[in-house]
Amino acid sequence: MVMASLREVCGGGFAEAASGLEAIEQLALGPAALMVLDLNMPDMHGLEVLRFVRNHPAFKRLPVIVLTTRGDDASRAAALDAGATMYLTKPFAPHALAGHVRALIGNSAAERA
Amino acid sequence: MSGESPFAGFMDEYFAECDEHLATIRRLLLELEPVAAAGGAAPQDSIEELFRSFHSIKGISGMVELREAEMLAHHLESYLRVLRGRESRLTAAGHDALVAGVAALERTIAARRDGHAPPSIDTIVGSLEAVTSSIAPAPAVPDTASPPGVWRVTFAPSAELLARGINVDTVRARLRQAGRIVSAAPKIHGGSVAFEFLVAGDLDDATVAAWRADGIETEAVATEPAPAVSDSETPAGEGVARLAPSHVVRVDLTRLDELMRIIGDLVISRARLDAALAQVESRVPPVEWRPVQEHSQTIERQLRDLREGLMRVRLVPVGEIFRRMPFVVRDLARDTGKQVHLEMRGQDTEIDKFLIERMMDPVLHLVRNAVSHGLEEPADRVAAGKPAEGRLTLAAASVGDMVVIEVADDGRGIDAAAVVTRARAMGIPIPDGAVDPATMLDLICAPGFSTRDETDRASGRGVGMAVVKTTIEELNGHLALQTSPGEGTRFVIELPLTLSITDALIAHVGDRTFAVPQGNVREVVEIDPASVRVIERHELAPFRGATLPILRLSRLFGIAERPRRALHVFVVGAGTEAVGVAVDRVSGQREIVVRSMADALVKASGIAGATDLGDGRAVLILNLPDLARHARTTLARAGEVGSH
């Protein structure tokens with residue numbers, strides 16, 4: 001569902017990573033306008049990925065949307081502390097994610113301009 | 001992530017695995033002891049198993065860079081290697097060196113766990129080298145068991161590699177085939193990203209070269225020279241790869257505590273639901289009411305199953321404590337020149353993990369006391385008409401909701417006169433006449449009490465028994481003493497099976513409500529107030545052909561009394577120890593969540609904790625055995641004063 005809505009927003013311009021390490025690899029290899037990060041991944045926890053990304057000068061300002069099934073305040077605070085731009089709790093409507101993605105890509109494009 | 005030890009997450013696993021290997025090692029060394037004493041040929045399978053255990057500890061210690069443990073394990077392993085596969089004799093000196101080496105290994109690992117500097121291992125290593133070189137190594141047996149190396153593997157991804165299908169996930173899959181991945185983390189490497197893996201396993205040069213062509217750099221991190229790859233008799237990666245059998249999950253105890261807390265909250269919520277349902281019952285037609293009530297009862301039953309299931313998860317065999325004792329007893333017997341036969345029973349009795357960890361030191365202390373103070377010298381025993389070998393019994397059993405642990409010896413018994421003299425010298429007032437066991441126990445558990453002028457090494461300091469008793473009482477347990485001169489001493493520890501949730505009877509006194517853990521109550525009886533007689537301001541009621549001292553909670557807590565047709569009495573203890581605790585009314589049985597009152601300011605003897613019955617009010621949980629003991633003591637004093 002998440003993938004489908006992203007495909008709809010980005011067309012073909014999005015890549016999928018099966019693990020936290022792969023996500024970092026893809027960021028390192030190709031320019032990305034935005035990352036949608038699930039917290040539950042097989043190897044690294046999403047928050048670790050996020051912290052790593054925020055530590056890297058090239059990705060400091062990359063918009064990151066964190067997806068999680070845990071909607072409690074502590075998880076939200078932890079994600080925002082680690083540098084999440086936005087925090088979405090599953091389940092959410094596909095068009096909601098699509099809307100946020102569009103808005104954030106627009107913002108960072110405007111910032112770059 | 002950066003700057004942290006790459007082993008941080010692995011250390012718990014390391015300690016747990018070391019514990020397992022050390023447990024195996026202790027068992028095997030004990031089995032080998034008679035063989036060593038006779039200077040016989042050691043059974044090869046035991047030697048082999050010992051060897052493997054040391055080998056594993058060496059491997060994982062190397063991985064976490066605990067060099068002292070690795071070194072010790074290496075020397076222990078070396079000695080076993082020369083014993084292995086040959087007609088070598090295991091000598092008593094050799095066995096002693098192994099035992100000393102294992103003790104040092106335990107201390108080294110414990111020091112790391114507690115964050116201390118490791119102890120010096122030079123002497124031990126020296127003695128291990130001595131016993132090893134006393135047997136010429138068989139030249140035909142090469143060193144086939146060099147430990148698997150640990151490798152730092154760095155992968156720098158690139159678009160070119162990605163085009164060839166080489167990315168971090170495929171690299172990871174390759175590493176996984178070659179060994180075991182200890183850690184994997186991304187690194188910022190001069191502006192670009194690289195991945196660093198720690199891999200345990202045997203890598204050969206060809207593999208390393210092939211990897212290099214694919215952007216994978218490999219370097220050994222183990223201090224030992226890169227292990228020679230040969231027809232290793234241990235399967236690849238053995239000793240480090242085998243972290244746990246796949247059907248066993250190690251869980252941090254705090255996670256189980258958290259689960260227990262959540263279940264506790266559930267129990268309280270259900271009690272609230274029950275109370276709310278009771279309020280609307282009269283307004284709901286019975287036909288509609290019945291299913292509601294049935295569902296509520298089903299939930300209660302399921303909640304109980306859930307609670308019991310979790311409790312079972314936390315239970316571990318008491319054998320965890322007992323397993324160390326043969327070594328302690330053996331060493332003590334050797335140091336004191338006594339002969340001790342240790343008998344252990346009921347090792348399979350299960351008890352809460354938290355309790356067992358807290359009970360280790362108290363039981364150890366009682367065992368040490370029994371050997372160094374309880375049991376006599378062989379000559380004295382023979383003179384007293386006993387066998388020269390003293391008997392020490394360590395037994396465990398479950399009794400209802402309690403676990404009973406006994407430490408008993410057939411030694412000289414506690415010298416009551418010496419205890420009384422010493423107590424008086426400390427300024428503790430003791431009436432003349434015979435001292436009952438409970439009083440004697442209180443005396444020897446008094447802080448600073450020791451019948452010996454000099455505290456010896458074996459029994460530790462005088463604080464020992466005091467700590468034993470407080471620990472047991474903190475766990476809502478009870479310590480009892482039986483001793484008779486010339487025949488021996490028996491300490492009986494009673495502990496609740498688990499701490500947090502228990503069945504309780506709900507009692508009322510005036511407008512106050514109390515909870516009484518059901519396990520403490522022998523029976524609940526009604527007594528006619530007219531049959532109660534008052535002697536020396538104490539009430540006694542006839543009960544089953546004897547008299548039962550009555551303790552009224554109303555008087556104890558200063559609650560106004562109203563005359564009642566019958567006294568409801570909880571009978572606590574049996575025989576002459578029995579005491580009746582009287583309340584106004586008993587309203588039923590409930591499952592309660594025990595919240596302990598650890599704060600010294602609110603802790604009071606006779607109160608086991610507090611609970612919430614679902615209406616949001618805190619209700620005190622009474623510790624009846626404590627109250628009963630208090631009642632008996634005052635009664636005994638009154639009796640003594642009266643008889644003088």
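Biologist: Where in chain B is confidence lowest, and where is it highest?

Modeller: This is a predicted model. Within chain B, helix H19 (residues 624-643) has the lowest confidence, with a mean pLDDT of 65, while helix H14 (residues 378-383) has the highest, at 91.

Biologist: What does chain B average?

Modeller: The average pLDDT of chain B is 79, and 86% of the residues score at least 70.

Biologist: What ipTM and pTM does the predictor give the complex?

Modeller: The ipTM is 0.81 and the pTM is 0.47.

Biologist: Now the helices of chain B. At what angle do H1(B) and H4(B) cross?

Modeller: Helix H1 (residues 11-38) and helix H4 (residues 92-113) of chain B cross at roughly 165°, and their axes come within 10 Å. H1(B) and H4(B) are therefore roughly antiparallel to each other, as the angle is over 145 degrees. Their crossing is left-handed.

Biologist: Which residues meet there?

Modeller: Those in H1(B) include B:Phe15, B:Leu22, B:Leu29 and B:Glu33, and those in H4(B) include B:His95, B:Leu98, B:Val102 and B:Arg113. The contact of H1(B) with H4(B) divides into 13 nonpolar, two polar and three charged residues.

Biologist: And what is the angle between H15(B) and H16(B)?

Modeller: Helix H15 (residues 416-425) and helix H16 (residues 437-444) of chain B pack at about 50°, with their axes 10 Å apart. H15(B) and H16(B) are therefore oblique to each other. The crossing of H15(B) and H16(B) is left-handed. B:Ala416, B:Val419 and B:Ala423 of H15(B) make the contact with B:Met440, B:Leu443 and B:Ile444 of H16(B). Of the residues in this contact, six are nonpolar, none is polar and none is charged.

Biologist: On to the sheets. What is the strand order in the five-stranded one?

Modeller: The order is E6-E8-E9-E11-E10 in chain B, forming an open sheet with mixed pairing. Strand E6 (340-345) and strand E10 (478-484) of chain B are the edge strands, each pairing on one side only. Neighbouring strands are turned by 10° against each other on average, direction ignored.

Biologist: How many bridges join E9(B) to E11(B)?

Modeller: Eight bridges join strand E9 (residues 402-409) to strand E11 (residues 488-496) of chain B, and the two run antiparallel. Opposite B:Ala408 stands B:Arg490 in E11(B).

Biologist: Which helix lies across E6, E8, E9 and E11 of chain B?

Modeller: That is helix H13 (residues 353-374) of chain B, which runs at about 20° to E9(B).

Biologist: What does E12(B) pair with in the antiparallel sense over eight bridges?

Modeller: Strand E12 (residues 501-509) of chain B pairs in that way with strand E20 (residues 585-593) of chain B. The bridge partner of B:Leu505 is B:Gln589 in E20(B). E12(B) also pairs antiparallel with strand E13 (residues 512-517) of chain B, over six bridges. In the hairpin of E12(B) and E13(B), two residues lie between the strands, and B:Gly510 takes a positive phi near 60°.

Biologist: Finally, what is the order in the six-stranded sheet, and why is one side of each edge strand left without a neighbour?

Modeller: That open sheet of chain B runs E14-E18-E19-E17-E16-E15, with mixed pairing. Strand E14 (523-527) and strand E15 (533-535) of chain B stand at the edges with a single partner strand each, so one side of each has no neighbour in the sheet. From one strand to the next, the twist averages 40°.

Conventions: Residues are numbered from 1 along each chain as its sequence is written. Chains are lettered from A and ligands numbered from 1 in the order in which they are written. This is a predicted model: local features need pLDDT of at least 70, side-chain atom pairs count only at pLDDT 80 or more; totals for chains, interfaces and linings use all residues. Axes are lines fitted to C-alpha atoms, for helices over the stretch in contact, and angles run from 0 to 180 degrees between N-to-C directions. Helices (H or I, at least four residues) and strands (E, at least two) are DSSP runs, numbered from the N terminus. Angles under 35 degrees count as roughly parallel, over 145 as roughly antiparallel, 65 to 115 as roughly perpendicular and the rest as oblique. A crossing is left-handed if the near helix is turned anticlockwise from the far one by less than a right angle, and right-handed if clockwise. Two residues are in contact if their C-beta atoms, placed from the backbone, lie within 7 Å. Ala, Val, Leu, Ile, Met, Phe, Trp, Tyr, Cys and Pro count as nonpolar, Asp, Glu, Lys and Arg as charged, and the others, Gly among them, as polar. pLDDT is the predictor's confidence in each residue, from 0 to 100. Two strands pair if DSSP finds at least two bridges between them.
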